[in-house]
Amino acid sequence: MCGRYSMDIESENDIRRVVDEVDPDIDWLGDRDVFPSEKAVIIAGDGYMLKAENMRWGFEMPGDSRGDDFVYSRSRESGKAGAGRRLLINARAETAMDKPTFSDSVKKRRCAIPATTFYEWDAKKNKVTFSLELAHTIFLAGFYRLVPRRKPTGSEGGCQFEDGSRGLLDINKEFVILTTAANESMAPVHDRMPLILPEENIRDWIFKPELTAEFLAASDPELKRSREFEQLSLF
């Protein structure tokens, strides 16, 4: 699975090199770890251009969402498991095309998620960091959805909704990271890992739907693995 990853300034430079345009309002976030529910830098299609922009990580789901795909339920503000929203943050590459929650998005709105490293926790709760051997930035395969949300404006301004309230209709973008079966570099730690895109395939992944099934079935490269012997829990 993938429940946390990092970004740094050098990865920002790699993104600028890959894309055709950058959203003028983008927040590059700096050197930091990225958690579910947070804003992240994503590469998506805008017409026929690759564009770097911000999206939020996770499909917000009602109730006790379960299944084969990873649900994140931690509120970073409260620090209590289960206290926050329930977010679908990962989707299995093997089944994403067939699941109603994901099917439309993976067919029509694919994206790439740049990361410097990503993390997993072993059976003893040790944090393990994964990176590419021959490149600084990892491009993870994902997809996103468009979510209309109301922005209240008070008694005046905006438009009036059916319930009588007033506000503006804003479109949010939420993304999910695809996962695949672990290869030899990941298997000692976890049985799933993010689906990784070679940099040269990002444009085809985003713009060529006829290749989607082929990309979803692709094998990941071997990764470099380093372990921290501090006890750091994901939840």
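**Exercise 1.** State how far apart Glu12 and Arg16 lie in helix α1, and determine whether each is buried or partly exposed.

*Solution.* Glu12 and Arg16 are four residues apart in helix α1, so about one helical turn separates them. Helices here are DSSP runs (H or I, at least four residues), and strands are E runs of at least two, numbered from the N terminus. Their side chains form a salt bridge at 3.4 Å, N to O; the term denotes a side-chain nitrogen of Lys or Arg within 4 Å of a carboxyl oxygen of Asp or Glu. Glu12 is buried at 12% relative accessibility, whereas Arg16 is partly exposed at 43%. Buried means under 20% relative accessible area, exposed over 50%, and partly exposed in between (1.4 Å probe, protein chains only).

The model is predicted: local features need pLDDT of at least 70, side-chain atom pairs count only at pLDDT 80 or more, and totals for chains, interfaces and linings use all residues. Residues are numbered from 1 along each chain as its sequence is written, and side-chain values use heavy atoms, without hydrogens and water.

**Exercise 2.** Identify which parts of the chain the salt bridge between Asp122 and Arg227 ties together.

*Solution.* The closest N and O atoms of Asp122 and Arg227 are 2.4 Å apart. Asp122 lies in the loop between β11 (117-121) and β12 (126-131), and Arg227 in strand β18 (residues 224-231), so the pair ties together parts 105 residues apart in sequence. Asp122 is buried, with a relative accessible area of 12%; Arg227 is partly exposed at 33%.

**Exercise 3.** Name the residues joined with Asp14 into one salt-bridge network.

*Solution.* Arg17 and Asp14 meet in a salt bridge (3.2 Å, N to O). Through shared partners, Asp14, Arg17 and Glu199 form one network.
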